[in-house]
Amino acid sequence: MDTPSTPFSTVIRTASHEQHTEAETSTFMGDLLGGRLGVDAYARYTEQLWFVYRALEDAAQALRDDPVAGPFIQPELLRVAELERDLAHLRGADWREGLAPLPATAAYAARVAECARTWPGGYVAHHYTRYLGDLSGGQIIRGKAEQTWGFARKGDGVRFYVFESITNPAAFKRAYRELLDSLGEIVPDELERQRIVDECKRAFALNTAVFRELGQEFPLSA
C-alpha cells in the first residue's frame, strides 16, 4: 500500500515494475528489436495496437469531463490516426479487410473498454501504461524499425511513435506524472488507489499475453 508521503506516480511505477519488465523482455519483442523477425511481424504487432488504441480513444470524448480520467485526455497523445496511416503504408489501402485481433488482443481491448464504461480510475491505469510507454520505450522501437526495415526517419510506418505536438517529451512526462500524483489526492480512498495500481499490473499482463501470442505466430526460425 502507498503512504501519504509517496507520490502516486512512484507507487504505480514501483508496484508494476515486475510486470513492466516481463512485458519488455518478452521473446517476441526481443526478437523484433533484435532484427530477427521480418517486417510482417512488425505489421502484425501494429495491427494489434490499433485495436487497443481504438478502445482507449473511442472512450476519450465521453470521459473528457470526468474528474478522474478527464485531465489525462490530451489531444497530443491520440494515436489511432497515426496507426491507421502506418497500417496503410504497411498493408496497403485495404488494410482493414480481414483484419482481426488475436484472442489476447481482443481480451485486452475489451478490458480497456469495460474500464472506460464503468471505472474511470481503471481507464487511467490503462492510459498510463500505454501512452507513457509510447513516449519512452516506444522510441526505441521506432529507431529499431527505421534501422531494420528502412522506414524513413519519423515517417510512414513509424508515425505511431512520433508525437509531433509534444516538443519536449521529458517535460510532458513530468507533467503527466504530476497528474498521477494529483490523482492520489482526488482519490482519497487507499483501497481505490490500490485497485488502480492493480489495474496497472493487469494492463502490463494483458500486453504480455499479446506478445506471447505474437511469439507463437512468429516463432524465430532456427
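I began with terms: buried means under 20% relative accessible area, exposed means over 50%, and partly exposed lies in between. The model I looked at is predicted.

**Entry 1**

Asp-58 comes out at 54%, so Asp-58 counts as exposed. I then looked for a link between them. Asp-58 and Arg-54 form a salt bridge, with their closest N and O atoms 3.3 Å apart. Both sit in helix α4, 4 residues apart, so about one helical turn separates them. I noted the general rule: an α-helix has 3.6 residues a turn, so residues three or four places apart point the same way.

**Entry 1: other salt bridges**

How many salt bridges are there? I found a count of 14.

Another pair is Glu-47 and Arg-44, at 3.1 Å from N to O. These two are 3 residues apart in α4, which again means about one helical turn. Glu-47 and Arg-44 are both buried. Asp-40, Arg-44, Glu-47, Arg-91 and Glu-217 are linked in a network of salt bridges.

I also looked up Glu-199 and Arg-111, whose side chains meet in a salt bridge at 2.8 Å, N to O. This pair joins distant parts of the chain: Glu-199 lies in helix α11 (residues 190-217) and Arg-111 in helix α7 (residues 103-118), 88 residues apart. Both of these residues are buried.

**Entry 2: the largest nonpolar core**

Which residues touch the most other members of the largest nonpolar core? I listed Phe-28, Tyr-42, Tyr-45, Tyr-53 and Tyr-123, in a core of 70 residues. Helix α4 (residues 39-58) contributes the most to this core, giving 11 residues. A general note goes here: nonpolar side chains tend to be buried together in soluble globular proteins.

**Entry 3: helix α9**

I turned to α9, residues 138-149. Its 12 residues reach 16 Å from first C-alpha to last, close to the 16 Å expected at 1.5 Å a residue. The buried residues of α9 are Gly-138, Ile-141, Arg-142, Ala-145 and Glu-146. Why do I say they line one face? Seen down the axis of α9, its buried residues fall within an arc of 130°, so they line one face of the helix.

I checked what lies over them. The cover includes α3 (27-33), α4 and α8 (120-135). On the face turned away from the buried side, I found the exposed residues Ile-140 and Gln-147. Gly-150 follows α9, and its phi is positive, near 75°.

**Entry 4: cysteines**

How many disulfides does the structure hold? I found 0. I looked at Cys-115 for a reason. Its closest cysteine sulfur, in Cys-200, is 10 Å away, too far for a bond. The cut-off for a disulfide is 2.5 Å between sulfur atoms. From the side of Cys-200, the closest cysteine sulfur is that of Cys-115. Cys-115 has 1% relative accessibility, so Cys-115 counts as buried. Cys-200 is buried as well, with a relative accessible area of 1%.

Technical notes: Residues numbered from 1 in each chain as written. Predicted model: local features only at pLDDT ≥ 70, side-chain atom pairs only at ≥ 80, totals over all residues. Heavy atoms only, no water. Core = buried A, V, L, I, M, F, W, Y, C linked by side-chain atoms within 4.5 Å. Buried < 20%, exposed > 50% of the residue type's maximum accessible area, 1.4 Å probe, protein only. Expected span 1.5 Å × (residues − 1). Arc of directions from axis to C-beta. Contact = heavy atoms within 4.5 Å. Salt bridge = Lys/Arg side-chain N within 4 Å of Asp/Glu carboxyl O.
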